[in-house]
Amino acid sequence: MDRNCFSLTKKSSALCLTHWNPIKRKPEHPCVVAMLRTPSDNITGETRKTNAYKDNLFDRLAIHHLSKSVQEATGLGNNKSGYESLVEAATVAKMKFDPIQQQEVIIQALHRAFPKPILSLIKTLLPPSKLSREYFAVFTTLFFAWLVGPSEVRESEVNGRREKNVVYVTKCRFLEETNCVGMCINLCKMPSQSFIKDTLGMPVNMVPNFDDMSCEMIFGQEPPASTDDPALKQPCYKLCNHFNARLITFF
């Protein structure tokens with residue numbers, strides 16, 4: 001499909017994400033092309049319900065800190081509060097930048113959010129090993145529920161041995177709130193994988209399930225190449241929040 005095309009048919013609605021962004025730039029790497037599911041498909045987004053979260057003080061402070069970091073990276077603020085502010089900041093990045101730029105902006109935001117000296121210390125003290133993989137899995141479940149929702153540690157096989165190096169997110173809060181496959185890929189999965197690998201020296205493969213909105217974070221596993229990653233070939237939800245907003249603006 002031509003990169004600059006935009007077509008709507010009775011059977012499906014296809015769009016190239018770069019076509020809808022104000023800033024035009026030829027993608028340097030493969031990026032997501034979204035295909036909207038029709039009502040006959042299994043997942044339409046029509047019956048999705050958002051979980052109710054009761055954020056404590058730590059959660060609210062963490063959400064505020066990350067939201068402000070994203071706003072500073074994009075150069076655009078918002079007056080919302082709580083998780084809604086974070087979603088708004090991410091949505092602005094989605095609307096303003098092309099997919100590659102979105103990933104770059106989030107990486108910049110993560111660098112703002114997490115002090116480099118602490119990251120460097122963790123990288124030095126915890127080189128890739130069974131201990132570090134399991135440590136990262138436990139740490140994620142304990143301290144990042146405010147971002148992704150409830151999760152648990154699961155096992156996988158690493159070099160012929162069973163390790164507790166997998167974080168299973170029951171239903172990702174970010175994906176549930178945004179209801180957008182493209183935002184999951186370009187504002188969470190891809191930049192997070194790069195950031196964790198580059199700053200902590202720990203490869204991680206994030207495997208979202210767009211049918212039930214769950215996700216696996218497999219520490220110690222290299223993610224597949226962009227051209228081979230199944231997540232980058234997924235169609236977007238028919239009621240994608242971002243697509244509907246832009247569709248109204250377009251017409």
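## Helices on the sheet

Helix 8 (residues 181-200) lies across strand 6 and strand 7, running at about 160° to strand 6. Helix 5 (residues 130-143) takes in three strands, lying across strand 4, strand 5 and strand 7 (214-219), and it runs at about 20° to strand 5. Helices (H or I, at least four residues) and strands (E, at least two) are DSSP runs numbered from the N terminus. Contact here means heavy atoms within 4.5 Å. For the angles, axes are lines fitted to C-alpha atoms, for helices over the stretch in contact, and values run from 0 to 180 degrees between N-to-C directions.

A quick note on the model: it's predicted, so local features need pLDDT of at least 70 and side-chain atom pairs count only at pLDDT 80 or more, while totals for chains, interfaces and linings use all residues. Residues are numbered from 1 along each chain as its sequence is written, and side-chain values use heavy atoms, with hydrogens and water left out.

Four strands make up an open sheet, ordered 4-5-7-6, with antiparallel pairing. Strand 4 (151-158) and strand 6 (204-209) sit at the edges with a single partner strand each, so one side of each has no neighbour in the sheet. From one strand to the next, the twist averages 30°. Two strands count as paired if DSSP finds at least two bridges between them.

Strand 4 and strand 5 (residues 161-169) run antiparallel and are joined by seven bridges. Arg-161 is the bridge partner of Val-158, and Arg-162 is that of Glu-157. The two strands form a hairpin with two residues between them, and Asn-159 in the turn has a positive phi of about 55°. On to strand 7: four bridges join it to strand 5, again antiparallel, with Val-167 standing opposite Met-217.

## A nonpolar patch

Which residues make the nonpolar surface patch of about 620 Å²? They're Phe-58, Tyr-135, Val-138, Phe-139, Leu-142, Phe-143 and Val-153. Helix 5 gives the most, with five residues. Phe-58 is found in helix 1 (residues 57-74) and is partly exposed, at a relative accessible area of 44%.

As for the cut-offs, patches are made of residues with over 30% relative accessible area and no salt bridge; like charges are joined within 9 Å, and nonpolar side chains (Val, Leu, Ile, Met, Phe, Trp, Tyr) within 5 Å. Accessible areas come from the Shrake-Rupley method with a 1.4 Å probe, and for residues only the protein chains shown count as cover. Buried means under 20% relative accessible area, exposed means over 50%, and partly exposed is in between (1.4 Å probe, protein chains only).

## Salt bridges

Searching the whole structure turns up 11 salt bridges, each being a side-chain nitrogen of Lys or Arg within 4 Å of a carboxyl oxygen of Asp or Glu. Lys-130 is partly exposed at 31% relative accessibility.

Lys-80 and Glu-84 form another salt bridge, with the closest N and O atoms 3.4 Å apart; Lys-80 is partly exposed too, at 37%. Then there's Arg-154 with Glu-152, at 2.8 Å from N to O. Arg-154 has a relative accessible area of 34% and Glu-152 has 37%, and both are partly exposed.
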